[in-house]
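Here is a short briefing on the structure shown below. Read it with the coordinates open.

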Amino acid sequence: MMKAECIVVTFNGKKAAVRPGATILDAARSVGIGIPALCSHEALSTYGSCRLCIVELGEQGARRIVTSCSTAAVQGMVIWTDSSRIKKLRQTLVALLLAQAPEAAPVQQLAREMGIAPAKKKGREENGTCILCGLCVRTCAEIVGSHAISFAGKGPGRKVGVPFFKDSRECIGCGACAFVCPTGHIKISDMPGGENPERFMETWKTRLALQACSSDGRPFAPRAMLEHFAARYPVAEGFLESCPLCRRRNKKA
Amino acid sequence: MKIRNRKDLAQLKKHGDEQLFPRGVRITVGLATCGIAKGARDVYGALKRELKSQRFQAALEDTGCNGLCSREPIVTVQMPGAPLLTFADMTPEDARALVRGLKKGEIPLDKILCRTDRQEDIMAGEMRSFTGGKPAGIPAGIAARESLPFFKYQKRIALRNRRAGTQHSMPKYPASGGFPAAFSALTGMKPEAVIAELQRSGLRGRGGAGFPTAAKWQAVRAAKGARKYFICNGDEGDPGAYMDRSLLESDPYSVLEGMLIGARATGAAQGIVYVREEYPLAITRVTGAIAELKKAGLLGRRIFSTDFNFTVTVQRGAGAFVCGEETALIASLEGRAGEPVEKPPYPAQQGLYGMPTCINNVETLASVPVILSRGGAWYSRTGTGKSRGTKVFSLVGAVDRVGLIEVPMGTPLEKIIYDIGGGFSGGRTLKAVQTGGPSGGCIPARLTGLGADYESLTAAGSIMGSGGMIAMDNTACMVDVAKYFMGFLRGESCGKCLPCRQGTQVMYDILEAITAGRGTQQDLTRLRDIAGALSQTALCGLGKTAANPVLSSLRFFKKEFDAHLAGTCPAGVCTDLIQLSINTKKCTGCGLCRKACPAGAVKGERKKAHAITQKACIKCRACHEACPAGAVEIR
């Protein structure tokens with residue numbers, strides 16, 4: 001990158017050149033400064049719910065706190081990513097998150113790094129690993145375009161789910177939610193055997209029929225998912241009928 | 001009739017004057033929610049039937065709340081040339097007696113509250129006489145309205161149309177000075193001049209945050225967008241606060257006129273009144289007022305024959321406290337869940353459907369027409385420091401005269417509590433004043449010399465907020481109060497951001513442990529730590545201020561927390577920490593406590609001292625309340 005295209009900010013007292021228009025979080029990571037963040041993802045819209053990525057802005061004595069995922073870095077900005085104030089606040093936040101989701105691995109790891117004792121009590125029912133970061137909700141809406149899952153309830157009773165928490169009509173069984181989930185909370189199991197092979201989205205209590213490959217007869221993907229993508233994107237011939245493996249094989253032959 | 005010019009307005013005003021000051025007898029009944037709750041509909045029905053059966057000619061009308069909610073149902077009687085008479089605590093029987101008396105030419109005086117000979121027309125800045133200067137043909141010895149402490153110390157600007165006998169109806173609103181302000185804003189003044197007048201007034205948002213209204217309007221005016229929205233925020237949700245409900249119920253036209261002026265100043269063509277579903281009467285009244293204004297051509301296309309168009313619709317909210325927050329309110333209007341998003345961008349730049357949006361509180365808007373009519377300089381003469389004008393408070397809690405009041409900014413809290421509110425009866429004393437609702441705090445009795453203005457209340461660790469004011473006496477436990485507010489916030493947090501979602505829950509759990517006698521010193525440290533994280537890292541205003549009730553209680557009532565940690569509740573409120581017992585020296589053996597006890601825990605023979613079986617006692621206090629001798633003691 002040419003110097004002229006960069007803006008200069010100060011991280012923890014050291015000057016650094018970063019890409020203009022980047023968030024403080026991205027800018028920090030681009031120069032090797034780690035900031036914990038659980039609800040931010042480069043492919044998704046900004047959400048700002050976990051608040052772990054807080055940083056201080058400004059000079060000593062007049063510093064204010066912002067979330068680095070939602071604030072753009074601008075020329076001359078003075079940023080403190082691990083001041084004692086930020087560290088103490090992050091510690092309190094992680095302790096709160098640990099109390100909510102004591103079995104979530106990334107939270108446990110952050111707690112270990114910060115020297116927080118493991119939570120004594122068990123988390124809320126069914127929610128021991130969900131940190132309510134909303135990555136799955138945004139992936140389903142923004143990337144997949146299904147809008148099958150969303151938050152329900154409010155306050156401490158908030159949880160993620162499909163409408164009425166079962167038998168979603170919108171879920172296509174693509175599994176992008178499980179892929180993006182940082183804690184492994186979302187579980188999927190395929191049952192390819194039997195008369196009606198299906199995919200079970202355990203967390204969403206939703207079952208989807210699997211399409212059998214026309215060439216080798218093996219179930220390879222949820223029918224609803226294939227139709228969803230075929231309706232939106234130009235797909236290869238035989239996309240709906242054959243598994244990718246057979247399609248490639250048939251093409252070669 | 002379409003209102004197009006000054007002449008039409010004058011005619012409408014004349015029409016309204018004829019209704020406000022009729023040739024015959026005029027009787028009004030306060031039928032806002034407070035009146036209805038205390039049986040005013042029955043009083044209205046009784047009046048109607050009695051007027052018919054006695055064949056007595058009088059105009060019977062329903063009106064709004066006059067502010068003295070504790071004395072509802074309130075009825076006024078107006079006879080040509082006589083002072084207006086106000087009756088309080090009316091029952092259907094009183095109503096019938098009133099009509100019979102009027103027919104005989106005598107006025108029954110046992111429920112009389114006051115007489116009003118003349119009252120100020122704040123829009124015109126002049127006094128209007130009911131008697132026309134003639135000697136009053138009513139009995140002597142009735143207190144004048146302006147001599148009653150409840151009214152004497154108030155200055156009513158937003159509540160201007162709560163004067164005796166005025167009403168929420170189309171012709172009567174201009175009779176009370178309505179519409180000339182909007183007329184000048186649309187026809188004579190440039191939008192910049194309207195904003196400049198507001199700037200001079202020093203008016204700040206009455207919803208809680210106190211942002212200067214002129215600056216907000218200017219920001220929306222300057223913002224670029226294909227269209228702009230003007231929203232009236234009626235999502236009032238603080239426990240104990242009902243200023244907005246009362247304004248929308250009793251005087252919706254003043255709020256709508258404020259919106260019309262604001263729309264012209266900001267360049268908005270679409271208005272929305274956002275009201276919570278729990279306010280059915282407010283929704284009905286404001287919807288009705290919009291329809292009347294449309295009929296009169298004061299909403300819709302080419303208002304006052306100018307090229308200015310403005311429409312207003314009512315949007316009902318599902319009653320989530322967080323939807324009072326601007327970005328959550330917008331989300332709710334757009335049909336999404338009411339969850340806040342990060343600011344900036346501010347609604348003034350990117351609000352509803354991404355367009356520049358002005359959001360003002362109900363009370364703010366109701367004050368705007370007066371500022372234009374009387375001038376910003378006149379308005380700013382009232383008040384103190386950076387808090388100019390007046391503020392409406394709903395004064396509730398343990399004071400004798402609860403009600404809706406409006407006082408100059410900076411009026412000392414003690415004046416509000418003792419003079420306007422009438423203080424406390426039955427040997428009770430003031431312990432704390434809660435202002436600002438769940439975002440505010442408790443101010444101890446020793447600090448009530450403080451003025452009710454933005455800066456003083458903030459310095460005392462509370463906030464002005466939207467105007468709820470709860471007076472608490474010595475029977476209130478401050479730890480229990482803190483727990484109540486935390487429980488409220490835990491239930492109203494949207495749950496989006498971690499510190500608010502989990503912080504309110506954990507703080508509530510700690511407070512519950514303390515009130516149950518399971519608290520430790522370490523818990524107080526944890527409360528402060530979480531409170532710090534909430535105020536510094538929460539996403540929206542709800543979360544940022546959620547710790548205030550706890551922090552202010554810890555600041556002023558630390559001793560009470562310590563007492564709970566040591567196992568006692570000084571106010572005798574927390575059931576896990578108290579014991580009820582009967583003082584055998586005082587007990588007369590009347591047996592009332594035994595009869596009152598739902599758990600069968602009180603034992604004793606007639607005329608002999610009774611005793612409470614502690615194991616069976618559920619600490620409901622029924623015996624304490626039933627005992628005529630004060631023998632049941634709480635420790």
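Of the 253 residues in chain A, 37% are buried. This is a predicted model. In chain B, buried residues account for 55% of 635.

**Chain A**

- Chain A contains 7 helices and 11 strands.
- The C-alpha trace of chain A extends over about 70 × 50 × 25 Å along its principal axes.
- Take the contacts in chain A between residues at least 6 apart in sequence: 50% of them link residues at least 24 apart.

**Contact between the chains**

- Chain A contributes 20 residues to the contact, and chain B contributes 24 residues.
- On the side of chain A that touches chain B, helix α2 (residues 84-100) of chain A gives the most, with 7 residues.
- That side of chain A comprises 10 nonpolar, 7 polar and 3 charged residues.

**Chain B overall**

- Chain B has 25 helices and 22 strands.
- Its C-alpha trace spans about 80 × 70 × 40 Å along the principal axes.
- The radius of gyration of chain B is 27 Å; a compact globule with 635 residues would have one near 26 Å, so the two agree.
- Among contacts in chain B with a separation of 6 or more, 72% come from residues 24 or more positions apart.

**A five-stranded sheet in chain B**

- The sheet is open, has 5 strands and shows mixed pairing.
- Its strand order is β2-β1-β3-β4-β5 (chain B).
- Strands β2 (58-63) and β5 (112-116) of chain B form the edges, each pairing on one side only.
- On average, neighbouring strands of this sheet are turned by 20 degrees against each other, ignoring direction.
- Helix α3 (residues 40-53) of chain B packs on the sheet and touches β1, β2 and β3 of chain B.
- The direction of helix α3 of chain B makes about 155 degrees with that of β1(B).

**Strand β3 of chain B and its neighbours**

- Strands β1 (residues 25-30) and β3 (residues 75-78) of chain B pair antiparallel, over 4 bridges.
- Which residue of β3(B) is the bridge partner of B:I27? The partner is B:V77.
- B:V29 has B:V75 as its bridge partner in β3(B).
- On the other pairing, β3(B) runs antiparallel to strand β4 (residues 84-87) of chain B, joined by 3 bridges.
- Here B:T76 stands opposite B:T86 in β4(B).
- β3(B) and β4(B) make a hairpin with 5 residues between them.
- B:G81 lies in the turn of this hairpin and has a positive phi of about 80 degrees.
- Which way do the side chains of β3(B) point? B:V75 and B:V77 point one way, while B:T76 and B:Q78 point the other way.
- Are these residues of β3(B) buried or exposed? All are buried.

Key
Residues are numbered from 1 along each chain as its sequence is written. Chains are lettered from A and ligands numbered from 1 in the order in which they are written. Two residues are in contact if their C-beta atoms, placed from the backbone, lie within 7 Å. Helices (H or I, at least four residues) and strands (E, at least two) are DSSP runs, numbered from the N terminus. Ala, Val, Leu, Ile, Met, Phe, Trp, Tyr, Cys and Pro count as nonpolar, Asp, Glu, Lys and Arg as charged, and the others, Gly among them, as polar. Two strands pair if DSSP finds at least two bridges between them. Axes are lines fitted to C-alpha atoms, for helices over the stretch in contact, and angles run from 0 to 180 degrees between N-to-C directions. The radius of gyration is taken over C-alpha atoms; the globule rule is 2.2 Å times the number of residues to the power 0.38. A residue is buried if 20 or more other C-beta atoms lie within 10 Å of its own, exposed if 12 or fewer, and partly exposed in between; C-beta atoms are placed from the backbone.
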